[in-house]
Number of protein chains: 2
Amino acid sequence: MRISELSRSTGVPVPTIKYYVREGLLPPGELTSRNQAIYDETHERRLRLIRALLDVGGLKVAAIAEVLRAVDDPARPMHKVLGAVADQLGTARNEDDDAESVAAGAAVAELIARRGWSAHESDPAARDLARALAAMERVGHGAFRGLLDDYAEAAELVARADLGYVDRRVAVDDLVESVVIGTVLGAAVFNAMRRLAHVDASARLFGQDTAADAERKAAD
Amino acid sequence: MRISELSRSTGVPVPTIKYYVREGLLPPGELTSRNQAIYDETHERRLRLIRALLDVGGLKVAAIAEVLRAVDDPARPMHKVLGAVADQLGTARNEDDDAESVAAGAAVAELIARRGWSAHESDPAARDLARALAAMERVGHGAFRGLLDDYAEAAELVARADLGYVDRRVAVDDLVESVVIGTVLGAAVFNAMRRLAHVDASARLFGQDTAADAERKAAD
């Protein structure tokens with residue numbers, strides 16, 4: 001199909017498609033003349049993936065380029081791809097070395113040992129976790145650390161579900177893509193789900209007028 | 001203290017502090033002369049909260065202003081504050097009305113009914129959840145919907161832990177702030193935790209060399 005048809009079928013404007021090609025997110029179409037290229041359903045699929053990572057996953061274009069490079073590298077073992085994706089989801093900042101950061105790092109190392117996780121405190125996810133805990137400590141919420149094992153249990157539940165999903169698709173050639181989608185979009189799903197569970201829990205704990213609110217909202 | 005001392009004690013540059021005051025995130029200091037204002041520990045505390053929401057929570061300045069307005073409004077009931085925070089955590093975009101969106105919205109409504117949640121499909125969190133599911137459907141992963149109840153169970157576990165934490169602090173005057181911190185920073189904690197659980201699960205499923213990787217990383 002031509003670029004205009006690709007644009008129509010995916011809802012992505014033509015200049016944006018050209019931008020993705022320039023940035024290496026989308027392979028170029030096959031040139032049929034000097035000024036014309038044709039695209040096929042692999043481009044369509046890739047465009048949909050890019051938009052999902054961008055719009056729902058909240059990744060930046062540079063991070064998506066990095067993730068897609070890992071996806072497209074046939075020599076890269078699965079857990080390396082997962083690692084690359086996890087890194088892009090992270091904040092990729094250097095941690096501070098104040099007392100709160102050191103204590104938070106130790107708490108994360110203890111958690112990994114306690115749960116028996118095959119992970120290391122130097123993993124980007126572990127560093128981000130330590131950063132979040134240190135930030136809580138700094139605003140006077142060090143006690144939040146008491147919730148870590150509840151959080152860990154919930155995370156294990158989600159990770160088991162995610163990997164089970166990937167495992168069921170193990171024969172399919174889009175396994176790597178599945179992992180990427182599950183990791184990035186799964187985070188969006190869980191975040192929304194957690195907020196929804198909060199609405200429920202806080203309505204029970206604090207509020208009476210939630211049903212009325214909801215109806216008012218629905219009527220808007 | 002003077003603005004320069006406030007800057008030193010919080011690590012936030014003076015021009016940034018002034019910017020937060022202009023944007024209404026931070027109350028102005030008390031004027032002691034035409035060109036000088038003094039600040040106290042409430043400013044210090046508020047600045048730390050702003051930085052945590054910004055750096056770790058990933059909220060934008062405008063979203064933080066909205067959240068703090070809810071925090072500072074004494075007339076606002078707790079579950080309204082929680083709702084305001086949840087809204088800012090969301091993507092605040094209009095949903096599409098294609099077949100995937102309609103189906104995803106129905107799946108979310110069913111989930112809410114099945115779990116018996118005091119929530120409504122028109123809540124921002126429910127809409128974001130539907131958006132994420134629709135995006136998955138569009139990239140060929142409608143089957144992910146089979147994981148919804150595992151995700152819901154994990155979200156309930158986290159929400160119970162969060163609200164339990166808030167409940168224990170119910171006598172403290174910073175209850176509202178606790179809720180905000182728990183909601184925003186708790187999401188950062190859980191996301192990092194989920195990625196860490198993925199590292200563990202995928203090492204078990206796919207990889208052998210994770211320990212070696214970790215050591216190499218640690219040695220960097």
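How are helix 2 of chain B and helix 3 of chain B oriented to each other, roughly parallel or roughly perpendicular? Keep that in mind, everyone, and we'll come back to it.

First, some housekeeping. This is a predicted model, where local features need pLDDT of at least 70 and side-chain atom pairs count only at pLDDT 80 or more, while totals for chains, interfaces and linings use all residues. Residues are numbered from 1 along each chain as its sequence is written, chains are lettered from A and ligands numbered from 1 in the order in which they are written, and side-chain values use heavy atoms, leaving out hydrogens and water.

Let's begin with chain A. It has ten helices and two strands; these are DSSP runs numbered from the N terminus, with helices being H or I of at least four residues and strands E of at least two. Starting at the N terminus, the order is α-α-β-β-α-α-α-α-α-α-α-α.

Of the 220 residues in chain A, 50% are buried, meaning under 20% relative accessible area with a 1.4 Å probe, protein chains only. Now take contacts, that is, heavy atoms within 4.5 Å. Among those in chain A between residues at least 6 apart in sequence, 59% join residues at least 24 apart.

Next, the two strands. Strand 1 (residues 30-33) and strand 2 (residues 36-38) of chain A run antiparallel, joined by three bridges; strands pair if DSSP finds at least two bridges between them. If you'd like one pair to find on screen, A:E30 has A:I38 of strand 2 as its bridge partner.

Now for helix packing. Two packed helices are described by the angle between their axes and the distance between the axes. The axes are lines fitted to C-alpha atoms, for helices over the stretch in contact, and angles run from 0 to 180 degrees between N-to-C directions.

So, back to my opening question. In chain B, helix 2 (residues 14-22) and helix 3 (residues 41-56) pack at about 90°, with axes 12 Å apart. Helix 2 of chain B and helix 3 of chain B are therefore roughly perpendicular, a label for angles of 65 to 115 degrees. On the helix 2 side, the contact is made by B:T16, B:I17 and B:Y20, and on the helix 3 side by B:L47, B:I50, B:R51 and B:L54. By class, that gives five nonpolar, one polar and one charged residues. Here nonpolar covers Ala, Val, Leu, Ile, Met, Phe, Trp, Tyr, Cys and Pro, charged covers Asp, Glu, Lys and Arg, and the others, Gly among them, are polar.

Conventions
Parallel < 35°, antiparallel > 145°, perpendicular 65-115°, else oblique.
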